[in-house]
Amino acid sequence: MRDRSSGGSDRPEFLSARVLVDSSILFSFININCLEQLAVAFGGLAITPQIEREIIRPKQRVLVGDLKRRGLISVIQPTIDESFRAAIFEKRAFGKEVSEVDREVVALAYCRGMILLFEDTPMSKVARDVGINQSKMFNTVRCLKKLIATGALNRSKARSHLEAINARRTKHRLKAIPWEET
């Protein structure tokens with residue numbers, strides 16, 4: 001199928017309607033220079049317009065723009081119903097540190113049955129609380145394991161990437177990967 005929004009170009013229609021990325025994991029994988037590998041491993045990624053607006057550094061905008069042109073990232077607009085559900089999720093967050101953007105991403109993943117890539121523990125709890133199946137939730141560690149499984153990274157490189165991500169985190173460090181299980 002062709003992407004009709006580009007006037008009949010030869011770019012394939014986005015497969016990313018299945019995988020939605022939160023801004024935290026997007027920026028983590030940009031910073032470790034693995035966003036393209038992540039997009040390839042999942043057959044494409046989707047972000048929301050709010051997440052796209054958070055990409056303010058010129059080099060990051062160029063990278064994401066290139067991946068969009070190549071069909072590896074798409075931007076999906078939430079429907080009115082999905083935006084309403086995000087507002088409802090605010091009431092169900094029960095004091096967890098979940099931003100408006102995070103609630104929107106959880107609502108989209110829930111409503112569209114998408115795989116959700118995230119980094120924040122509170123976000124995973126809200127996603128689980130609202131009914132997103134654990135099999136459709138990939139945290140940073142699970143994404144790194146997927147890159148190892150696809151051959152995009154070796155264990156040593158994945159370990160150094162996890163350390164780099166943890167070095168940038170100010171609140172909660174991510175748990176170590178049990179390397180013998182990958």
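Student: What should I keep in mind about the numbering and the model before reading the values?

Tutor: Residues are numbered from 1 along each chain as its sequence is written, and because this is a predicted model, local features need pLDDT of at least 70 and side-chain atom pairs count only at pLDDT 80 or more, while totals for chains, interfaces and linings use all residues. Side-chain values use heavy atoms, with hydrogens and water left out.

Student: How many helices and strands does the protein chain have, and what makes a run count as one of them?

Tutor: The protein chain has nine helices and five strands, where a helix is a DSSP run of H or I with at least four residues and a strand is a run of E with at least two, numbered from the N terminus. Along the sequence they follow the order β-α-α-β-α-α-β-α-α-β-α-β-α-α.

Student: Why is Phe42 called buried?

Tutor: The relative accessible area of Phe42 is 5%, and buried means under 20%, exposed over 50% and partly exposed in between, with a 1.4 Å probe and protein chains only, so Phe42 counts as buried. Phe42 sits in the loop between H2 and strand S2 (45–47). Across the protein chain, buried residues make up 47% of the 182 residues.

Student: What does Phe42 touch, leaving aside its neighbours within four places in sequence?

Tutor: With contact taken as heavy atoms within 4.5 Å, Phe42 is in contact with Arg18, Val19, Ile115, Leu117, Phe138, Cys143 and Lys146. For the protein chain, residues 24 or more positions apart account for 65% of the contacts with a separation of 6 or more.

Student: How do you know that helix H1 is mostly covered?

Tutor: Seven of the nine residues of H1 (residues 23–31) are buried, namely Ser23, Ile25, Leu26, Phe27, Ser28, Phe29 and Ile30. After H1 comes Asn33, which has a positive phi, near 60 degrees.

Student: What makes the pair of Arg70 and Glu36 a salt bridge?

Tutor: A salt bridge requires a side-chain nitrogen of Lys or Arg within 4 Å of a carboxyl oxygen of Asp or Glu, and the closest N and O atoms of Arg70 and Glu36 are 2.4 Å apart, so the pair meets the definition. Arg70 lies in the loop between helix H4 (58–69) and strand S3 (73–75) and Glu36 in helix H2 (residues 35–41), so the pair ties together parts that are 34 residues apart in sequence.

Student: Why are Arg70 and Glu36 called partly exposed?

Tutor: Arg70 has a relative accessible area of 41% and Glu36 is at 31%, so each value falls between the buried and exposed limits already given.

Student: Which other salt bridges can be named, and what is the network?

Tutor: The search of the whole structure finds four salt bridges, among them the one in which the side chains of Glu52 and Lys68 meet at 2.4 Å, N to O. That pair links distant parts of the chain, with Glu52 in helix H3 (residues 49–54) and Lys68 in helix H4, 16 residues apart. Arg70 also forms a salt bridge with Asp66, with the closest N and O atoms 3.1 Å apart, and Glu36, Asp66 and Arg70 are linked in a network of salt bridges.
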